[in-house]
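Colleague: I'm new to reading protein models, and I'd like to go through one with you. Could you show me how to read its features step by step?

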Amino acid sequence: MTEPPEPSDAAAQPAPGARTGCAETPGPTGPAGARSVAGRATAAGVIVSVLLILAIVLGSRLLENFDSALLPYAVATVFLAFGVAHRYTVWVSAPGARRLFNQGWRSFFSVANFRKAPTALPRMIATYLGFQKFLGARSHARWAAHQLIFWGCILAALITFPLTWGWFTFTSGTGSGPGYEMRIWGFKIIGFDSLDVLGWLMFHGLDIAAVLVIPGASYFLWRRMKDRGAITGQRFAYDLVPLIALVVISVTGLLLTFSSIVLHGGGYEFLAILHMVSVVFTLIYIPFGKFFHIVQRPAAVGMQLFKYTARQDREVFACRRCEEPIDTGPYVENLRGTMRDLSLDFDEWAEYCPRCKRVLRGSAYLSQVKKGFQ
């Protein structure tokens, strides 16, 4: 083990539990703070829900294009909007998330960052959000399965939400096709024949999404039943329910198509209700379960941009003890600021690499704790 620092360096080393003398910025703690955050979160949820309702009414041309059969789905999206806005507000009220959020937007709107690296943000959006290359470093199979789920859900959302809200409609001049017009907000976008390739893709987009999601979700279900590491820390409601919900939605959606084409509508009503219940449950579940990371992930792109631009400036912070690089200087300072916000009085430990932290803790134990038993 490397020898502990000499006593002469004590002024430069943070003693365990010692206060650093840094100004503290208290976070929203205590009953009053919790009520304040809850109030802001509720207000944000109400505002976003009202805005969505207005968007549905106006986008469907005062409900002229709104399909009343899709009302349960539309109501579920309103609850989804409230839940996402409420939880997001609570999340960004925490000191760590608030700093990440602010630094991310600051980097996003920074003209200096754009001049230094004009292609950095598009590349990060593509690699970090779209293709999630960081998952490939862990496992190619997990990356492939996640990509299937991601793009399947994106395709399903792009079709389902506009249809549910009455923004997206298919109309036929004859009432039964085969010629159709696709309209968005009442304006004609394209005309197509339902019997050609484009028409088949238009009417079976959700089936394609289901075919993508089922193998991806099934892989993760299989892994969570077989992998010891996954089994040890998993929770049924948090880890398994989302995957089961995706499979149920996808399978019931494919069965609806099977019923209409092969069974000539046999069992369609039961399948439609089962599909609707599974979709509504999943939409309401999103803000309160594992799916919420879908909403959180874009905020992390800003932090990645923040770290990337700091590296471009060669602002690498070295460990105060061994002088090995830790991370960028702005990132270390951001971490120290978060620790001060949380009233953690050892924020200077962020300036040491993990190995040196272990050495210093061991030295403190030998010199201050074990010494009392000698």
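Predicted model: local features only at pLDDT ≥ 70, side-chain atom pairs only at ≥ 80, totals over all residues.

Colleague: Where is Arg 223 placed, and what is it in contact with, leaving aside its neighbours within four places in sequence?

Modeller: Arg 223 belongs to helix H9, which covers residues 205–226. With those sequence neighbours set aside, Arg 223 is in contact with Arg 142 and Ala 230.

Colleague: Okay, zooming out. How many helices and strands does the protein have, and what share of its residues is buried?

Modeller: There are 15 helices and five strands. Of the 374 residues, 36% are buried.

Colleague: How do I check the length of a helix, say H3?

Modeller: Work out a span at 1.5 Å a residue, then look at the ends.

Colleague: Next, the nonpolar core. How many residues are in the largest one, and which have the most contacts inside it?

Modeller: The largest nonpolar core has 22 residues, and Ala 217, Leu 246 and Leu 283 have the most contacts inside it. Two or more residues each come from helix H2 (71–93), helix H7 (140–165), H9, helix H11 (236–261) and helix H12 (268–285). H11 gives the largest share, six residues.

Colleague: What does Ala 217 touch, not counting residues up to four places away in sequence?

Modeller: Ala 217 touches Ile 149, Leu 243, Leu 246 and Val 247.

Colleague: Last topic: sheets. How do strands of a sheet pair?

Modeller: Strands pair through backbone hydrogen bonds, in either a parallel or an antiparallel way. Here, an open sheet of three strands has the order S1-S2-S3, with antiparallel pairing. S1 (168–171) and S3 (187–193) stand at the edges with a single partner strand each, so one side of each has no neighbour in the sheet. From one strand to the next, the twist averages 25°.

Colleague: Over how many bridges do S1 and S2 pair, and which residue stands opposite Phe 170?

Modeller: S1 and S2 (residues 179–184) pair in the antiparallel sense over four bridges. Opposite Phe 170 stands Met 182 in S2.

How values were computed
Residues numbered from 1 in each chain as written. Heavy atoms only, no water. Buried < 20%, exposed > 50% of the residue type's maximum accessible area, 1.4 Å probe, protein only. Expected span 1.5 Å × (residues − 1). Contact = heavy atoms within 4.5 Å. Core = buried A, V, L, I, M, F, W, Y, C linked by side-chain atoms within 4.5 Å. Pairing = 2+ DSSP bridges. Axes fitted to C-alpha atoms, helices over the stretch in contact; angles between N-to-C directions.
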